[in-house]
Every structure is written in structure tokens, then in C-alpha cells.
Amino acid sequence: MELHLDQRFYSSAFGGAFLKYGWFQYNLNEKSHLKLGLIPAYFGPQQFNSHSWFFQLPFYLGFEDDHDMGISYDYENDRIKLDIGFYKNAEALTLGDNNPVSPNRYSYDFSGKNKEVNQFNIRFNYKFGEKVKHVVGTSLQYGGIWNIDTEDIGNHSALGLHYKMDYKRWNLHTQFITYNNKPKNAVGESRDFLEQAAYNFPYNTAAKASLYSIGLAYTIPVNKGLFQSIQLYNDYTYMDKSIATWEDTQMNILGALISIKPLYIYVDYASGRNQPWLTPNSTDALTSGDGTGKWHHRFNINFGLYY
């Protein structure tokens, strides 16, 4: 039996202290395992679809580095990797069906009047290649959406296709996601969007959309004392919303990761068009947009101590 735990500490404005994940793992054998607790919600490339500190847009919609309460089975050999998970609910800080989800969390989940329940995820990866290593995979997600007002359950579904390549110092990630959220909101409340939240920051998201992501990185080894490497990268995502009159969302991160263990330094130049963390109108950025079509930019340096 193994215990896996990741506790994060941020400022109170950023959500404060919260658990990223925490699970018990039972190893059936060298290739297959069972997990129980706050476990990965398997979707997309393993482990991340992004290279930067800001991640890509799938993260802000709950499709990257997400963890929920449940049980899972995983199997991996030289060629294939299969992950199957059932999640009773997202991480909860209060008990009861009618208590809204707290925005003080690491992973983006439905919030406000809607909550995730009874979710199933299946992810399959196939690996091949020697000099050039390839991974192709697909992800499926289906679950319920409990509405606090109506006490009725809608549903949400998503399909993902991804490809990953490693060649010498180069790394490439690509992904396509299409999703459809169908909440059972109260009469008079729009079903075209849902609220999602993390890091003490809620905003509205389009109920139906498709995302196209690509990320390319090049690693420069250093290996001098604690100074290990510098990774240069560029990550880009385009979000196409199902409502034609809504503005699209785009996000691009140009940056570098400097690894001086146990310190990881991200230096990012983030650009976004209708991206909630990068635009003044964060509430509607992932729905109708801000109406200007302008790009906004942020230069950010993050120091992370991992131990």
C-alpha cells in the first residue's frame, strides 16, 4: 500500500492552502494499480498537456491536471496504457448536496448552482517508436451535473484525441477536445453556460465548445551541480464555442522553465484573447467574450519549491 499526497500553499487571495491530490494506491502487480481518494481524472496526455506555469485552456475547463474523489484502475506495459476511473464527486470542503462547491481548490470544477456527480473516465494510450517516441491516445468522459436549485441531474460528456512526440531534446503535445455540458438549471436560468472555479476565482464557461491545442518545447541540459536544465517552450490553444455570436478564445504562452532542484522557475510571457486570467472581463471571457477582440498580455515569473 502506498500513500500519494500533494498539499499546496498559496496566498489567501489565491485560495490559501488546499490539497491538490491525495490517494491510497494498491499495486496489484508491477503493471496494474488501484487508487482510492482524491485521484487523477484521466483525460488527455500523461501527465500534462502543457509546458508552462499557466497551463493551456483545457486546464481552465477541468480537462488537465484535474483530481476528483473516486476510485480507479490503471494498467501499463511497453506499448499501451489504460486508465479507468469512477468519481463520486469533485473535491468537497463541505457536506451535503445543496452546499455549493468552494472556489478554494486546485482543479477547475463546476461551481455555483451546479456540482459534478457520478463521473466516468476512460483513457487509452498507445506508444511506439525508438529514436522518435510517439504516443497517440483518446479520452472519454461522462458524468452527471447536480443542480442545487432544481435538485435534478443533467449530464456532461467529452471526447479527447491527443498525440505526443519526443525526439532528442524536442517535445511536442497536440490535443483536440470537444465537450457538451447539459445542466438542469431552474426555469429562466440560461443553460448555455456554467460556472467553474479554482484558486478562489469563479467565472462562466461555455456549455458546449471544442478546443485545439499544440505545445512545442526544447530542453537544454546543463547538469552543473543543482542546475539541471532550461526548457524553452511555446503553448497555444484555440477555443471554438458552439454559439456563433460568441467570440472565440485564444491563449499563447511563450516561456522557459529553469530547473535548479528543488527550485523550478517559470518565466512566461502569456497572451490571451478572451482568456479569464488575462482579460479585464473575466466573468464572460469563456462565454460571449469582452466585445473588443483585443489580446491582453502578462509577463510572469514564478518560483516553485518542490520537496
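Modeller: Let's start with the strand β9 (153-167), which gives the most to the lining of the largest cavity, with three residues. Strands are DSSP runs of E, at least two residues long, numbered from the N terminus. β7 (114-128) and β10 (170-182) also supply at least two residues each to this lining. A cavity here is a set of points on a 1 Å grid over the protein atoms alone, where a 1.4 Å probe fits but cannot get out, and lining residues have an atom within 4 Å of a point. This is a predicted model, in which local features need pLDDT of at least 70 and side-chain atom pairs count only at pLDDT 80 or more, while totals for chains, interfaces and linings use all residues. Residues are numbered from 1 along each chain as its sequence is written, and side-chain values use heavy atoms, with hydrogens and water left out.

In total, 15 residues line the largest cavity, and L61, F63, F110, E116 and Q141 lie nearest its centre. By class, the lining has six nonpolar, seven polar and two charged residues. Nonpolar covers Ala, Val, Leu, Ile, Met, Phe, Trp, Tyr, Cys and Pro; charged covers Asp, Glu, Lys and Arg; the others, Gly among them, are polar. The space inside is about 120 Å³, a volume being the space filled by probe spheres set on the points, which are joined across faces, edges and corners.

The count comes to two cavities of 30 Å³ or more.

How values were computed:
On a 1 Å grid over the protein atoms alone, a cavity is a set of points where a 1.4 Å probe fits but cannot get out, and a pocket is an open set with protein on both sides within 12 Å along at least five of seven lines; lining residues have an atom within 4 Å of a point. Helices (H or I, at least four residues) and strands (E, at least two) are DSSP runs, numbered from the N terminus.
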